[in-house]
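Here are some notes on the charged pairs, jotted down while going through the model.

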Amino acid sequence: MEYNYLFKKGQIGRLTLKNRIVMPAMGTSLASSTGEASDRMIKYYEERAKGGCGLIITEITRIDDETGVGTPNQLCATNANQIPRLERLARAVHKYDTKIFLQLHHPGRQSHSRLIEGRQIAAPSAITCKTIGEMPREMTTEEVEGLVKKFVAGAKIAQIAGIDGVELHGAHGYLIGQFMSPLTNKRTDKYGGSFVNRMRFVTEIILGIRHICGPNFPISVRIDGDEFVEGGISQEEAIKMARYLESIGVDSINVSSGTYESAVTIIEPVSYPEGWKKHLAEGIKKSVKIPVIACNNVKTPEVAEKLLAEGSCDFIALGRAQLADPEFGKKAMEGREKEIRPCISCLHCIEQVMNAKTVECAVNPRLGYEGEYAHYEKDGDGRVVAVIGGGPAGMEAARVLAVRGFKVVLFEKKGHLGGSVYLGSIPPCKDKLKALVNNMEYQIRQLGVDIRLNCAPTIEDLKALNPYAVFVAMGGNAIVPEMPGIHGENVVIATDVLDKKMDIRGKKIVVAGSGMTGLETAEYLAEKGNEVEVIEMQKNIGPGVHAPVLYDVTTRLKKYGVKMYTRRQLVAVEEGKIHLLNTYDNTKMTMDADCVVLSLGVRPQVNEFVGDVEKNFKNVRILGDSQRPGKVYDAVQTGFDKAYTLE
């Protein structure tokens, strides 16, 4: 594809960027415990710079240690001691002609007292964030004035370290945004009330940075084009804010959306299409003359180019897309779009960070470990490795082994690759999983992997290859608990419904199990006009499912009229009805059902064939669900690790 806009140079203030690709701030928790840029963090950002990104905006950077803690291992600009490591970060990025901004941040009411040694969280006004559930105290006027100075000091630290500019985080319901929003600012002093007063906090920060850092140090402000909460910042209000910010001298506006109370509009789950909120940045761009960066849930270079060509923004914020593939820009520029590993919008990355862990990506097992997995040992020497199973674990293992120079023979018993990911792509809104399967298949075919579909090898077939190693990635077995009627014709496994694309219509169906497979199968069946009910033996629907992902899928299910019941355990099946046990009070009940769909999880493969493989071959690796059932991340990570470390 020809790109007339994506790789065109751009300007923010007097700073020239090599292209229009921006990596927006995303939490990583890769900083050291002292808030410095660790070696892991530097390698992480360096790889994105090397991969073709024009401007990197760091993760939320702390400017206040008293009330401003966003995450435990957070990058900080609170002390001059942090400058040397920021210098190393800047140099690592600059050697690829990439620029870098430090994003200055304070969470305000969207923090937790446990992060600040039990002290009460602080905000412009004493208004609780429903998602956090903690009442903040209202900051004093003097305290607010002190925070202005801390933001300015953070900017000066960045400038001394050789960072190219700063971004003030005024979006996503954080402190600066809380002052600007009429929903969260009910103050009666100089920082509250009128529009100008609500903008005073950010105004004083900007003017302070200009005074201390000079007129040529770029300042970007990230704002919400719409908070998507009643009484909050609307699109009209956001345009007014952007005009005002331009009038006081900021160099660019970075447009995002949402707060913790409308979190699915910040980091969108799988059902949100690319570019769904482009109108937010477009409205602001029409109203200002300074550059506009836009977060529009972009996953592909084609959509990025289209948005730039339409003039809806000046720069494309590619966040999760560059977590999934750090070479996104380079591959697109070289016409290798099919090689770009796609983000599947599973939210595994943010789920890890919100659970106080370091960032991970379901489709990129090197994320956060760029230094440890920097070089593939090219020592395969054409030795044969058999990989049994073409799911995500098997395909990733095959890719890494082929890169290392092994001759890989991949067996898949079905007529297609993808395993559980292929099945996961069949329900509504899951086309991104199909893109992942296509990408993984394309990569291993390009590497010359011998793919044998519709082929379940025997021990003799494997012996004929004389393999150096055998990788078993055959997936797991569905859990089917023994009970009366469980083997009847009216009972099916959820994965069979998807694999066989069963055309069931006009039936009353009960799905037992409310994990993601069960919920997505329920949606698949409801879309076909069936009356669907979901039962779960635990006290909550979707146990273990990340809250925004669960909200997304259950919202769609409710539109189809799907009913969901908790504390109901399936104990017997008859024709036309099922028997249940209430797990709360042990009472029994029945429900009408033409068909029962089981989605009760999977267990590792334990069968005679796997045992025979281990008996007949010395070098055997068990991968993915064959070893331990898990998510896409677990499958891809085990496939990568075991292929990377094969000696």
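1. R137 comes out as partly exposed, with a relative accessibility of 29%. Keep in mind that we're looking at a predicted model here. The salt-bridge partner of R137 is E143, and their closest N and O atoms sit 2.8 Å apart. E143 is partly exposed too, at 22% relative accessible area; that counts as partly exposed because the cut-off for buried is under 20%.

2. What about E268 and K277? Their side chains form a salt bridge, at 3.1 Å from N to O. Buried or exposed, then, for E268? The residue is buried, at 2% relative accessibility. K277 has a relative accessible area of 2% and is buried as well.

3. The next pair to check is R341 with E396, whose side chains meet in a salt bridge with an N to O distance of 3.1 Å. R341 belongs to the loop between α11 (328-333) and α12 (348-354), while E396 is in helix α13 (residues 392-403), so this contact ties together parts 55 residues apart in sequence. On accessibility, R341 is buried at 7%, and E396 is buried at 1%.

4. For the overall tally, the structure holds 35 salt bridges. Among them are R137 with E143, E268 with K277 and R341 with E396.

Conventions
Residues are numbered from 1 along each chain as its sequence is written. This is a predicted model: local features need pLDDT of at least 70, side-chain atom pairs count only at pLDDT 80 or more; totals for chains, interfaces and linings use all residues. Side-chain values use heavy atoms; hydrogens and water are left out. A salt bridge is a side-chain nitrogen of Lys or Arg within 4 Å of a carboxyl oxygen of Asp or Glu. Buried means under 20% relative accessible area, exposed over 50%, partly exposed in between (1.4 Å probe, protein chains only). Helices (H or I, at least four residues) and strands (E, at least two) are DSSP runs, numbered from the N terminus.
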